[in-house]
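Hi,

Here is the structure I said I'd pass on. Have a look at it first, and then read on for what turned up.

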Amino acid sequence: MNLLNFDQNKKLDFIGVGRLCVDLNANEIHRPMEETMTFTKYVGGSPANITIGMSRLDMKSGFIGRIADDQMGRFIEQYLKNNNIDTSNVITDKSGTVTGLAFTEIKSPTDCSILMYRDNVADLKLEPNDVSEEYIKQSKAILISGTALAKSPSREAVFLALQYARKHGVVVFFDIDYRPYTWESEQETATYYNLAAEKCDVIIGTREEFDMMEKMELYDKSDDWITAKKWFDYNAKIVVIKHGAEGSIAYAKDGKSYTGSIFPAKIVKTFGAGDSYAAGFIYGLMKGWKVDTAMEFGSAAASIVISSHSCSDAMPTYEQVHSVIETHKGTSAST
Ligand SMILES: Nc1ncnc2c1ncn2[C@@H]1O[C@H](COP(=O)(O)OP(=O)(O)O)[C@@H](O)[C@H]1O
Ligand SMILES: O=C(O)C[C@@H](O)[C@H](O)C(=O)COP(=O)(O)O
């Protein structure tokens, strides 16, 4: 029995919801931001990156979000179009908002950080009115990213998207994508994350992100199985907990669990691992693969992106991911 049911009659495969931003990745790597002089501009924002990843894997994709009425906003829209992503539900915000910027600092392959400029950003102005029931209804799956829950009206827009998805049998993927700087308090954060997670079919997050959601629980210490099983009483069929270079673990509602291996990488920077893993993993599940096969595909996609300078632009094609898997067949790169 399939854990997830993707309605093959729907004309779109996948819709990303939420943040469309710009990444400015340091060109002079292995030095602190203070000494970095030049940056390369890429489309960014976790759900944008994942949707670009899905489109590179030939999934028919669209996006629901707001962009700023500025040069950066137009750059994002054009890039999505160039990547075959339907932008009919990407709205230009005319209220004077700006594009969210993420400056990345690459001090070493393992010491990377992000400096965010997110005051008055267009993505958080997404309104319930922007969310079309008809559009969501015609997709096999949607992806919600937690950062869009941080502020109204984007928060309400996401809950409406979740409601439409559930009503029309659209599979909901939830990438926790917790960015502390967008939130007011830990209690507020945990409250909205938990409310959203209840409505999702697949929940993907790092151990630290799930710990944030469990702030109000009385657990002594974090435990992946305890984390996962709570969600099977709601709508979840699969819960994935990512552990960075140690790989990942997935629990399924049917009681099975799967350990995800990692692939060796010539790491340039660590960010982008989660977004590329998500794209590869979701692709595998949508193809009807077994959970561990989808995890392997996600890990191989991540190894490609962390070996590259960008997140969005480095999202791999099927052939690229397949070639990494073939190259490492039989070697034990796994945890
Ligand atoms: N150092 C690494 N080498 C190879 N693969 C990695 C490395 N770090 C992360 N990955 C891959 O990317 C996945 C997601 O990474 P993780 O760091 O947990 O997520 P996030 O980027 O969301 O914090 C991991 O499960 C693993 O497959
Ligand atoms: O999500 C953002 O706003 C920034 C991303 O575009 C950025 O490149 C990044 O941090 C990706 O993060 P990850 O995939 O969760 O590691």
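Before the helices, a word on how their angles work: an axis is a line fitted to C-alpha atoms, for helices over the stretch in contact, and angles run from 0 to 180 degrees between N-to-C directions. Keep in mind, too, that this is a predicted model.

With that in hand, look at helix H9 (291–306) and helix H10 (residues 318–327). Their axes come within 9 Å and cross at roughly 100 degrees. Angles from 65 to 115 degrees count as roughly perpendicular, so that is the label for H9 and H10. On the H9 side, the residues that meet H10 are Glu296, Phe297, Ala300, Ala301, Ser303 and Ile304. Their partners in H10 are Gln320, Val321, Val324 and Ile325. Sorted by class, this contact has 7 nonpolar, 2 polar and 1 charged residues.

Alanine 301 counts as buried because 34 C-beta neighbours sit inside 10 Å. Leaving out residues up to four places away in sequence, alanine 301 touches Gly53, Ser276, Tyr277, Ala279, Gly280, Pro316 and Val321. As for phenylalanine 63, 238 residues separate it from alanine 301 in sequence, and the C-alpha to C-alpha distance is 21 Å.

Now the ligands. Which element gives the most to the shell around ligand 1? That is H9, with 4 residues. There are 20 residues around ligand 1, and Lys242, Ala273, Gly274, Ser299 and Ala302 come nearest. The elements that give two or more residues to this shell are H8 and H9. By class, the shell around ligand 1 is made up of 9 nonpolar, 10 polar and 1 charged residues.

Ligand 2 has 15 residues around it, with Gly44, Ser46, Phe271, Gly274 and Asp275 coming nearest. Two or more residues each come from strand E2 (21–26), helix H1 (46–56) and helix H8 (273–286). Here H8 gives the most, with 3 residues.

Next, a pair of glycines. Glycine 73 is in helix H2 (residues 71–82), while glycine 100 is in the loop between strand E6 (90–93) and strand E7 (101–108). They are 27 residues apart in sequence, and their C-alpha atoms are 9.5 Å apart in space. Are they buried or exposed? Glycine 73 counts as buried because it has 21 C-beta neighbours inside 10 Å, and glycine 100 is buried too, with 26 other C-beta atoms within 10 Å. The cut-off for buried is 20 or more.

Setting aside neighbours within four places in sequence, glycine 73 is in contact with Ile67, Ala68, Thr92, Thr99 and Ala122. On the same terms, glycine 100 touches Arg19, Cys21, Gly45, Tyr117, Arg118, Val121 and Asp123. Arginine 118 is 18 residues from glycine 100 along the chain, and their C-alpha atoms are separated by 5.0 Å.

Most residues other than glycine have a negative phi, and most peptide bonds are trans. Against that background:

- Serine 152 and proline 153 are joined by a cis peptide bond, with omega at about 5 degrees. Proline 153 belongs to the loop between strand E9 (139–145) and helix H4 (154–167).
- Histidine 30 is not a glycine, yet has a positive phi of about 65 degrees. It is in the loop between E2 and strand E3 (39–44), and counts as exposed because it has 11 C-beta neighbours inside 10 Å.
- Asparagine 120 also has a positive phi, about 55 degrees. It is in the loop between strand E8 (111–117) and helix H3 (133–137), and its 13 C-beta neighbours inside 10 Å make it partly exposed.

Last, the record. An unreviewed UniProt entry lists residues 17–317 as "domain: Carbohydrate kinase PfkB". In the model, that span is 33% helix and 24% strand, and its end C-alpha atoms lie 22 Å apart.

Cheers

Methods:
Residues numbered from 1 in each chain as written. Chains lettered and ligands numbered in written order. Predicted model: local features only at pLDDT ≥ 70, side-chain atom pairs only at ≥ 80, totals over all residues. Near = placed C-beta within 6 Å. Nonpolar A, V, L, I, M, F, W, Y, C, P; charged D, E, K, R; others polar. Parallel < 35°, antiparallel > 145°, perpendicular 65-115°, else oblique. Contact = placed C-beta atoms within 7 Å. UniProt positions renumbered as here; feature names shortened; annotations may be inferred. Buried ≥ 20, exposed ≤ 12 C-beta atoms within 10 Å, placed from the backbone.
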